[in-house]
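Dear colleague,

Please find the sequence and the structure below.

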Amino acid sequence: MHPWIKPAARWSAAAAALGAAAFDAAATGSAAAAPAAVAVAALAAGPGRRGRAPAVALTAAVSLAVTAGFGAAASNRAAAWWLLETAAVLCLIAAGSRTARTRFDGAALALAVAAAGLSPLRLGLRMDPPSDAAELAVLALLWAAAGAAAAAAGRWLHRLRRDRERAVAEARRSQRLSLARDLHDYVAHDVTGIVVQAQAAQVVGERDPAQALAALERIESAGLQALASLDRTVLLLREHEALLRDPGGGFADIVVLARRFEEGGGARTSVDIDAAAAGLPVTEAVGALAHRIVTEALTNVRRHAPEAADVRVRLRGLAGALAVEVANDVPAERPGGRPGGGLGLRQLAGSVREAGGTFDAGPAGPEGWRLSAVLPL
């Protein structure tokens with residue numbers, strides 16, 4: 001649909017309403033149609049640069065002026081225009097209330113509610129015989145209450161829209177934080193491996209150049225993997241649909257991750273995925289979270305316990321859940337280790353709990369460290 005179609009349709013409807021009112025005024029010599037025509041035209045034209053408040057105020061002023069100066073006898077045609085005016089003014093009040101922000105907006109809405117409440121007097125006082133005063137008072141109160149209800153409905157819709165915008169903003173913020181955590185988990189793992197390999201190359205470089213060259217090859221591989229993780233995160237931030245459907249973590253990736261960890265100079269690493277886990281209907285989100293858990297655990301082993309002789313990765317299928325466990329056989333402490341760690345585990349624990357799972361990390365026995373999580377499916 002072309003962008004000009006909707007504005008053209010709205011302005012055509014506004015012109016038609018004003019034209020019909022002008023024709024009626026010429027035929028009857030009465031301004032009974034003016035408030036309805038102005039209200040319909042204001043609705044059809046839509047909100048201007050300053051919102052709907054000027055249109056609401058203009059419609060209310062025209063309605064009050066016609067009510068005060070209406071001198072013709074009440075007729076069926078005038079009653080039809082009045083009913084149309086009532087419906088249009090109530091819709092205009094609701095629309096204006098939905099976008100009201102300033103005192104002028106509030107004053108315009110109050111004027112429109114007053115105009116709606118007084119509009120029954122326009123015909124009731126000029127009927128033959130005139131309507132009873134008590135009946136007119138009740139009718140005026142009902143019309144004013146309808147106007148107030150329309151204003152309240154508009155504010156309720158405004159609050160719903162504001163809450164929805166706030167929820168969308170919070171969801172986007174949460175997604176950005178999640179992507180930042182992913183970037184930390186994946187890149188920190190590879191960068192830590194680069195640092196370890198560079199340190200090893202410095203130690204053996206002079207006496208064994210071949211090992212130093214092999215370490216440089218592993219550094220190159222880890223660096224390329226880190227760049228790939230950076231590229232993936234940038235693409236995710238650009239909201240590419242294909243990558244959003246592929247969070248980048250699965251059981252096969254966990255096996256590859258463990259092999260790369262061992263080849264990169266880490267401890268002997270075994271991966272045990274039982275048959276129950278292999279047969280689970282694991283969602284993409286759970287698979288990605290399991291991958292992050294193993295990545296963070298191996299990163300911590302490399303950073304804090306490089307002397308570990310054995311690292312065990314286990315994935316077990318439970319009733320409606322996936323259990324992930326990574327354990328190593330030495331304390332996760334080392335003098336001279338990189339300071340400032342600890343946020344990865346804390347953030348990972350928060351992600352697991354947000355998914356409804358349980359998370360635990362701490363010493364396992366006299367000499368060992370264990371990280372485990374249970375992820376509901």
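**A nonpolar patch on the surface**

On the surface, Trp156, Leu157 and Leu160 make up a nonpolar patch whose accessible area is about 280 Å² together. Patches consist of residues with over 30% relative accessible area and no salt bridge, where nonpolar side chains (Val, Leu, Ile, Met, Phe, Trp, Tyr) are joined within 5 Å and like charges within 9 Å. Accessible areas come from the Shrake-Rupley method with a 1.4 Å probe, and for residues only the protein chains shown count as cover. Leu160 belongs to helix H7 (residues 133-204). Helices (H or I, at least four residues) and strands (E, at least two) are DSSP runs, numbered from the N terminus. Leu160 counts as partly exposed because its relative accessibility is 37%; buried means under 20% relative accessible area, exposed over 50%, and partly exposed in between (1.4 Å probe, protein chains only).

**Basis and confidence of the model**

The model is predicted: local features need pLDDT of at least 70 and side-chain atom pairs count only at pLDDT 80 or more, while totals for chains, interfaces and linings use all residues. Residues are numbered from 1 along each chain as its sequence is written, and side-chain values use heavy atoms, with hydrogens and water left out.

The protein chain has a mean pLDDT (the predictor's confidence in each residue, from 0 to 100) of 77, and 78% of its residues reach 70 or more. Confidence is highest in helix H5 (residues 103-118), at a mean of 91, and lowest in helix H9 (residues 241-244), at 38. The pLDDT is below 50 over residues 239-249, a stretch with 21 contacts in the model beyond near neighbours in sequence. Contact means heavy atoms within 4.5 Å. Residues 332-342 also stay under 50, and the model has twelve contacts for them beyond four places in sequence.

**The nonpolar cores**

In soluble globular proteins, nonpolar side chains tend to be buried together. A nonpolar core is a set of buried Ala, Val, Leu, Ile, Met, Phe, Trp, Tyr and Cys residues joined through side-chain atoms within 4.5 Å. The largest one here has 29 residues, and those with the most contacts inside it include Ile293, Leu322 and Phe359. Among the elements that give two or more residues to this core are helix H12 (284-304), strand S2 (310-318) and strand S5 (369-376). H12 gives the most, with eight residues. Not counting residues up to four places away in sequence, Ile293 touches Val324, Leu348, Val352, Leu371, Ala373 and Leu375. Another core, of 19 residues, lies apart from it and includes Ala39 and Leu109.

**Salt bridges**

How many salt bridges does the structure hold? There are six, a salt bridge being a side-chain nitrogen of Lys or Arg within 4 Å of a carboxyl oxygen of Asp or Glu.

One of them joins the side chains of Asp272 and Arg314 (3.9 Å, N to O). Asp272 is in strand S1 (residues 268-273) and Arg314 in strand S2, so this pair ties together parts that are 42 residues apart in sequence. Asp272 is partly exposed, at 40% relative accessibility, and Arg314 is also partly exposed, at 33%.

Arg370 pairs with Asp360, their closest N and O atoms being 3.7 Å apart. Since Arg370 lies in strand S5 and Asp360 in strand S4 (residues 358-363), the pair ties together parts ten residues apart in sequence. A network of salt bridges links Glu325, Asp360 and Arg370.

Yours sincerely
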